[in-house]
Amino acid sequence: MEQRRKIRIFDTTLRDGEQSPGVSLTPNAKIEIAKKIDAIGVDTIEVGFPKVSEGETQAIKKITSLGIKAELCALARANKEDIVAVKECGVETVHIFIATSDLHLKNKLKISREEALSRISTSVSYAKKLGLSVEFSAEDATRTEISYLTKAYLAAKTAGADRINVPDTVGISTPDSISKLIKTIYGVVALPISVHCHNDFGLAISNTLAAIESGASCAHVTINGVGERSGNAALEEIVGILGFLEPSNRYYTSVKTEKIYEISESVSQTYGMKIQPNKAIVGKNSFSHESGIHTHGIINNPLTYEPVHPRNFGRERSFIIGKHSGKHAIKLVLLENNVIIDDIKLEKVLKEVKSLCDSGTIVDIHKLIQISLKY
Ligand code: KIV
Ligand code: ZN
């Protein structure tokens with residue numbers, strides 16, 4: 001069997017994730033989340049962007065003093081002041097970025113392509129002189145003309161960059177386009193490649209996976225997919241796919257998947273961002289079953305209607321009572337709550353549950369026990 005390739009997990013929940021509209025964490029909150037991210041076993045934590053505020057800088061300094069196992073990285077624009085601010089925080093890696101698409105160069109930075117190349121060389125070599133490890137990002141890479149994009153990455157490589165990142169800044173790639181892009185860049189630049197996908201069209205996970213299959217060795221992700229606009233590729237989904245689906249024959253990560261649900265809940269609470277119930281892996285409904293047919297199947301063998309055991313993600317299975325429920329589910333849920341009823345009563349309870357649900361009533365466990373006690 002072919003050797004499996006390790007995919008590095010670069011968690012940016014504390015940087016891109018904190019750029020989610022309306023989210024602003026206190027230094028203490030950042031510190032607590034950093035400890036929890038470290039505990040799940042990611043390779044790199046992007047702890048923040050020191051230049052944004054004094055509180056951000058203080059939080060990053062504190063995080064660097066905690067003895068965290070993961071590599072710590074902070075963001076900098078391609079200028080000396082930003083890089084000094086990162087160095088002073090005590091992290092080992094700087095993530096330097098500059099936009100390379102003509103759209104950004106003309107409308108945002110208002111500089112020429114040549115000027116951007118010169119800023120890349122100067123900033124990367126300066127960071128290396130300061131003893132930092134450098135990951136270089138060409139912001140808006142997926143809308144940058146390819147011959148110029150490879151020049152930008154080569155400028156970073158010549159100046160000493162240790163690895164490069166390909167950001168799909170506004171999430172416009174498709175699996176096919178990002179796959180071709182990664183192969184081309186890798187063919188020319190030959191440095192370890194990270195991929196950073198945004199979810200504007202719901203393709204962040206497919207694109208990240210396609211990039212990995214095309215040679216990227218690191219995925220930038222966030223817990224629950226938090227991040228700018230529609231967010232980033234969700235850590236739990238990428239790690240779940242690489243750990244449990246067909247790609248697990250070729251790849252592995254160091255993330256302890258059984259700890260994922262706990263951190264997902266912490267991030268949701270701290271960021272004030274509710275998780276949609278049908279969100280893959282960490283949604284309230286991901287391992288809940290209502291339909292009678294499904295519940296019956298699950299009772300016989302959970303694999304009938306669950307792709308993997310919920311405990312792989314730190315979850316528990318639950319049965320929800322509703323109009324699709326059957327006798328098996330009702331009997332089981334009552335039994336779990338120490339209520340035993342015979343088959344005649346069970347028929348009556350089932351009938352009443354269905355008629356209540358038809359009238360729009362929610363039958364929670366308390367209601368179900370109440371009904372069962374009537375008969
Ligand atoms: O999405 C993006 O382009 C970024 C860069 C800072 C890498 O987050
Ligand atoms: Zn981003």
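Which residues lie nearest the centre of the largest pocket, and how many residues line the largest pocket?

## Basis of the model

This is a predicted model, in which local features need pLDDT of at least 70 and side-chain atom pairs count only at pLDDT 80 or more, whereas totals for chains, interfaces and linings use all residues. Residues are numbered from 1 along each chain as its sequence is written, chains are lettered from A and ligands numbered from 1 in the order in which they are written, and side-chain values use heavy atoms, with hydrogens and water left out.

## The largest pocket

The lining of the largest pocket is made up of 22 residues, and those nearest its centre are N199, N224, G225, Q276 and K279. A pocket here is an open set of points on a 1 Å grid over the protein atoms alone, where a 1.4 Å probe fits, with protein on both sides within 12 Å along at least five of seven lines, and lining residues have an atom within 4 Å of a point.

The space in this pocket amounts to about 410 Å³, where a volume is the space filled by probe spheres set on the points. Helix α8 gives the largest share of the lining, three residues. By class, the lining holds eight nonpolar, ten polar and four charged residues; Ala, Val, Leu, Ile, Met, Phe, Trp, Tyr, Cys and Pro count as nonpolar, Asp, Glu, Lys and Arg as charged, and the others, Gly among them, as polar.

## The second largest pocket

The second largest pocket has a volume of about 260 Å³, and 16 residues line it, with R15, D16, E139, T169 and H196 nearest its centre. Two or more lining residues come from each of β5 (93-99), β6 (133-139) and β7 (163-168), these strands being DSSP runs of E with at least two residues, as helices are runs of H or I with at least four, numbered from the N terminus. The lining of the second largest pocket divides into four nonpolar, seven polar and five charged residues.

## Packing of α8 on α9

Helix α8 (residues 204-213) packs against helix α9 (residues 235-244) at an angle of about 45°, with their axes 10 Å apart; axes are lines fitted to C-alpha atoms, for helices over the stretch in contact, and angles run from 0 to 180 degrees between N-to-C directions. The two helices α8 and α9 are therefore oblique to each other, since angles under 35 degrees count as roughly parallel, over 145 as roughly antiparallel, 65 to 115 as roughly perpendicular and the rest as oblique.

The contact (heavy atoms within 4.5 Å) involves I205, T208, L209 and I212 of α8 together with E237, I238, I241 and L242 of α9. These residues comprise six nonpolar, one polar and one charged.

## Packing of α12 on α13

The axes of helix α12 (residues 327-336) and helix α13 (residues 343-358) come within 10 Å and cross at roughly 105°, which makes α12 roughly perpendicular to α13. On the α12 side the contact is made by K327, I330 and K331, and on the α13 side by D343, L346, E347, V349, L350 and V353. Five of the contact residues are nonpolar and four are charged, with no polar residues.
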